[in-house]
Amino acid sequence: MKKTIPVIAVLFIVFAFLLTGCGASLEAAATILEYDVDGVKMPTINAVVGTREVTGVSSSKSSGNVTKEYTYKSSSVEDDVMAYVVVLMHDYDYIVIEDIDLENVPGTAKLAVESPGDESKVVMIEIDYTASGYTVIISHMVGTLNRE
């Protein structure tokens with residue numbers, strides 16, 4: 001029993017640090033105005049539509065591809081996604097690579113643009129949306145874009 005108490009105490013402390021770190025990460029994600037994925041920057045959805053609650057953040061790197069995911073809670077999903085898509089298309093030259101039907105919930109919006117400075121890569125933004133929020137998935141990956 002005496003050995004169990006220190007082990008439980010250590011586990012509790014580690015768990016508390018993990019929770020604190022996650023909370024800080026979510027708070028920081030809610031305030032950034034640009035996503036930075038592998039050195040490529042684009043506006044955050046919060047920069048376009050105003051502050052939305054961030055409920056999840058993750059990132060990964062595999063075979064030269066870098067991906068970051070930001071999950072948001074929103075009461076105006078359709079308006080948010082439409083405003084963000086319009087800004088990406090008009091101000092940042094993204095193209096829609098799959099038809100978007102915001103009346104079909106849940107759904108996905110996919111956009112892409114050539115990677116600045118690297119013709120062998122593209123930046124893909126996928127927005128998976130539901131009635132109560134969305135996940136913005138940004139990938140900097142090997143590939144080319146056909147603009148025809």
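Guide: What follows is a description of the sheet, then of the helix beside it, and then of the salt bridges. Please bear in mind that this is a predicted model.

The sheet is open and consists of six strands, which follow one another in the order S3-S4-S8-S7-S6-S5 with antiparallel pairing. At its edges stand S3 and S5; each has a single partner strand, so one side of each lacks a neighbour in the sheet. From one strand to the next, the twist averages 20°.

One pairing may be examined in detail. S4 runs antiparallel to strand S8, which covers residues 133-142, and eight bridges join the two. Within this pairing, Val66 is found opposite His140 in S8. A helix also belongs to the picture: H3, made of residues 77-92, packs on the sheet and touches S5, S6, S7 and S8. The direction of H3 makes about 165° with that of S7.

We may now turn to the salt bridges.

One is formed by Lys73 and Glu53, whose closest N and O atoms are 3.8 Å apart. Lys73 belongs to strand S4 (residues 65-73) and Glu53 to strand S3 (residues 53-62), so that distant parts of the chain, 20 residues apart, are linked.

Another joins the side chains of Lys110 and Glu98, at 3.7 Å from N to O. Because Lys110 lies in strand S6 (residues 107-114) and Glu98 in strand S5 (residues 95-98), the pair ties together parts that are twelve residues apart in sequence. Lys110 is partly exposed, at 23% relative accessible area, and Glu98 is partly exposed as well, at 38%.

A further salt bridge connects Asp38 with Lys121, the closest N and O atoms again lying 3.8 Å apart. Here Asp38 sits in the loop between strand S1 (34-37) and strand S2 (40-43), whereas Lys121 is in strand S7 (residues 121-129); the two are 83 residues apart, and the pair links distant parts of the chain.

Conventions. Residues are numbered from 1 along each chain as its sequence is written. This is a predicted model: local features need pLDDT of at least 70, side-chain atom pairs count only at pLDDT 80 or more; totals for chains, interfaces and linings use all residues. Side-chain values use heavy atoms; hydrogens and water are left out. A salt bridge is a side-chain nitrogen of Lys or Arg within 4 Å of a carboxyl oxygen of Asp or Glu. Helices (H or I, at least four residues) and strands (E, at least two) are DSSP runs, numbered from the N terminus. Buried means under 20% relative accessible area, exposed over 50%, partly exposed in between (1.4 Å probe, protein chains only). Two strands pair if DSSP finds at least two bridges between them. Axes are lines fitted to C-alpha atoms, for helices over the stretch in contact, and angles run from 0 to 180 degrees between N-to-C directions. Contact means heavy atoms within 4.5 Å.
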